[in-house]
Amino acid sequence: MRGVRWRRTASQIGRSITVWAVSTATMLALAALLPDFQLQSPDGDSATRIAVTAACGAGAFGILSAVVWPLLVRLLLLVPALVLGLVVFFLNGSLLLLALRINPSGRPEAAPETAVIVAAVMSAVASATGAALAVRDDEAYRRRLHRLATRSRRAHPPCPSAPGLVCVQLDGVGHDVLVEAVRKGLMPTVGRWLSGDDGIQPTAGSVPSADDGMQSTGNTIRSAHDGMMSTTGGTLPADDCIQPADGTLHPPAHRIQPTHRLTPWRTDWSSQTGASQLGILHGTTFDVPAFRWYEKDRGEVMVCNRPTSAAELQRRAILHTGDGGLLTVDGASRGNLFSGGAGEQALVLSIATRRRGRGNRSRAGYFAYFSDPANAVRTALSFTAEVAREIGQSTRARLRKQRPRVSRGGLYPLVRAFATVVERDVVVAAVVGDMLAGRTSVYADLVAYDEVAHHSGPHSRDAEKVLQRLDRSLALLERVAEHAPRPYRIVVLSDHGQSPGETFRSRYGLTLGDLVRAGCGLPVPRRAERTRSGAEARAAVRAALRRPVEEQDERHRTARRSEPVVLASGNLGLISFPDVPHRMTKEEIDARHPALLTTLANHPGIGFLLVRSEEHDGVVLGAHGAEIPLAQLDDEPGPLARFGPGAPDAVRRTHSFPHTADIMVNSAYDPADGEVLAFEEQIGSHGGLGGAQSRAFLLFPRELSAPFADGAEPAGAEHVHRVLRRWLRELDGPQVPLTTDAEEERAA
C-alpha cells in the first residue's frame, strides 16, 4: 500500500514537472513568434537567462492560475452571463501580466493584447499536456471530476445500492427528429441504447458499434464535447467518442442488447418549455395558456423565461399542488426555468431575482465550472468559434437565398454561442458533479438544439451538428455513471418538438398584430395596408361598420387604452382587450368589433380560433362560418380535425384557465408537409398545435416500468411528472410533498 502511494506521488510530481516544461517551451516559442512579447532585456540576455526567465514566468502563471483564479471567478458571478466568456480572456491575460511582473529572473514584457493571446495558448497547451499524461491514470481523472462537484456530500450520504435518477432534457428535440437522427448515425450513443428497439436501426455503416462508439483507455472517460473534455481540465480529441483511432467503422462482433426504450408523448396546446417543464417538475400546467400572455387582473404580461414570471409560476404551482416538486428529496436542478423543489440549484431562472444567499445559488454553476482556468479558456475559445460559425452559416444561407429564412444578426450570434457552448458546458459539468456526489435525483435542461432550430430550421444541417454534440454529452454522462458512488438510471426526454414553416409575416406581408388592428378598424403600417390581407380586412370593416375606416381610426386615436394586446407564442396568438376586466365573449367582441372574428377566422393563414360564448360556454371558429361548441368537438371536430385526435381535449382544457386570452388564435397547419406559420420570426417554431411541435419523446432504461400500462402514448406534461415520480419510487427514492415549502409559499 505504501509503495502504491509513493508511486502515485512520484507520478503526480512527474506530470507537474512535465507540464511546467511544456509551458516553458510554449512561452519561449510565443516569445519568438510575437513581436510584442519579450523575455529578455533591451540589451540582450544569454540563452540560459532567457530560458530561466521563461521557466519562472510559466511557473508563476501556473501558480497564479491555481490560486488566484477561483477568487476571480467568484467576482465574475456579478458579470452578466452572456459576456462571461469574453471577460475570461482579459482576466487570464491579466494574470499573465502579473506573473511577468513578479518574475525574479528578468524583465519580460508583453503588450496587454498580446498577453491575452499568450495566456490563452498557454492554458490550452497546459490543459492538453496534463490530460495526455493522465490518460491512463484513473485516480487523476477521478480527482479532476471530483473538483467539479458543486457541493461535497458531508452529511447523510445516499445508500450506494439504491440507484439514482438523472433526467436530461434535450430542449425542443421532437420524437421524429430523434428517430431520424439515430437512423442517420448522428447520435451513436442514443442509437446504441436503442439498438433493436422499436425497429429503430441506424443506417448500415453509419453508426459505430458500442465498443467503437465510446472507447476508453484504461478507465479514462473520453471527450464528450467539441474536441475537449470540458469537465476534466484536459483536452482530448472529440472524434475518439464516435469512431476508432483508425477512422474506420467495424461491425460489432455480437449483437448489442438495447438498454433503453423510446416512447413519444403529447404536449398540451401550449407546446413550449414554460408549460411543459412546469408540469414535469411541479406536476401542473394549470393556467399556463402560452409562452407569453396578458393577465387582466394584474395588468401584466407574463413571459415564461422572464425571472419574475418564472418565480410567480412556480409559486402558483406549489400552491395548486401542495407539493414542493419532483426534486424535493435530495435533488438537483440544473439549467431549468423552475427548481422542482431541489435543494441544489444552478442556473435556475425562477430563483434568479432573489437576493443572493443560501436559498439562491442560481449562478453557482458558473463558479463550479470556471474555477478551473483551463475550462474557462477552453469554453471562451469555443464560444468565439461558435460565434464565427454562426456568422458564416447565416452568411452562406443569405448568399444562397435559402427559403424560409429569418434574420440572424444583432446579438443572436452571441445568444446562440451562449446556449450551445457556455450553457451546455456548465450544465453538463454540474450534472457530473451531482453524479459523483451521489445525489438521488437530477434534472437538467440543454437548450442548444432549440435555440439553433428556431433560426436555422429543425431539420437543418446546423441543427444536426448540435444533435451530434448533445449525443457526446450523453456519452460523457453514461461513462461518468461508471465512476459514481451509486448506480444511475439515465432518462433522456424533451419538452416539445418543433414544426417547420415560414413565418406568417413573410407569407402574407403583415403580422398578426397588423391583421388584428385592421380587423378592428385601427390604423396599420403602410406596408400592411398594401397587402391583400390588409386590404381585405379593411374592406370587411367598412362593410360591417357602414362608415369609412378613417373615421373609426380617429375615434381610436383618442382611446389608446382600448386597443387590443396581441402576443405571439410560436404559431399560437393571443388577443386581449385590457380595458375589459373579464374574458370577453363572442357576442361582446362582435358588438365591439363586428369584423374582427370574421376577418381572423377566414384568413388562410389561421387554422382556428377559441372564444368564450354566452350560449355555448366556448366555441371554436373556423373559415366559412364554422362555429363548433366545445362540447361537440369530439363528434364534430370541424377546423380541429387536421390537428390530431388530442386537439379537442387540449383546447377544452385551455378554455378552463382563468387567464386564457379573449381570443386564442392557432395558425394554419398543413398535414402534408407538417408546416405551420409562426407568428414570431422563427422558421422552426412551437407553442401551439400542428405537426411535430406537439410530439415530444421519453427515452428511459428498460429496468424502469412502462410509462403507461397498456402501452398508450402519455398525454401532457403532468402525466410525465407522475411517471417520473413512479420511477423514483421504483428506485427506492420516494418523493413526498414538502408541506413546509408549500406553507412558506402560501405565506409569501
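Predicted model: local features only at pLDDT ≥ 70, side-chain atom pairs only at ≥ 80, totals over all residues.
Residues are numbered from 1 along each chain as its sequence is written, and side-chain values use heavy atoms, with hydrogens and water left out.

**Around His655**

- His655 lies in helix H24, residues 647-655 (helices are DSSP runs of H or I with at least four residues, strands are runs of E with at least two, and both are numbered from the N terminus).
- With a relative accessible area of 10%, His655 is buried (buried means under 20%, exposed over 50%, partly exposed in between, with a 1.4 Å probe and protein chains only).
- The backbone oxygen of Asp617 is also within reach of the His655 side chain, at 3.2 Å.
- Leaving aside residues up to four places away in sequence, His655 touches Arg583, Leu610, Val611, Arg612, Asp617, Gly618, Leu630 and Thr660 (contact means heavy atoms within 4.5 Å).

**The sheet**

- An open sheet of 6 strands has the order S12-S13-S17-S14-S15-S16, with antiparallel pairing (two strands pair if DSSP finds at least two bridges between them).
- Its edge strands, S12 (565-569) and S16 (627-629), each pair on one side only.
- Neighbouring strands of this sheet are turned by 20 degrees against each other on average, direction ignored (axes are lines fitted to C-alpha atoms, for helices over the stretch in contact, and angles run from 0 to 180 degrees between N-to-C directions).
- Strands S14 (residues 606-613) and S15 (residues 617-621) run antiparallel and are joined by 5 bridges; Leu609 has Leu621 in S15 as its bridge partner.

**Helices across the sheet**

- H24 lies across S14, S15 and strand S17 (663-667), running at about 40 degrees to S14.
- Helix H18 (residues 512-519) lies across S12, strand S13 (572-576) and S14, at about 150 degrees to S12.

**The whole protein**

- The protein has 26 helices and 21 strands, and 58% of its 748 residues are buried.
- Among contacts between residues at least 6 apart in sequence, 72% join residues at least 24 apart.

Note on methods. Polar contact = N/O pair within 3.5 Å; in protein donor to acceptor, adjacent residues only side chain to side chain.
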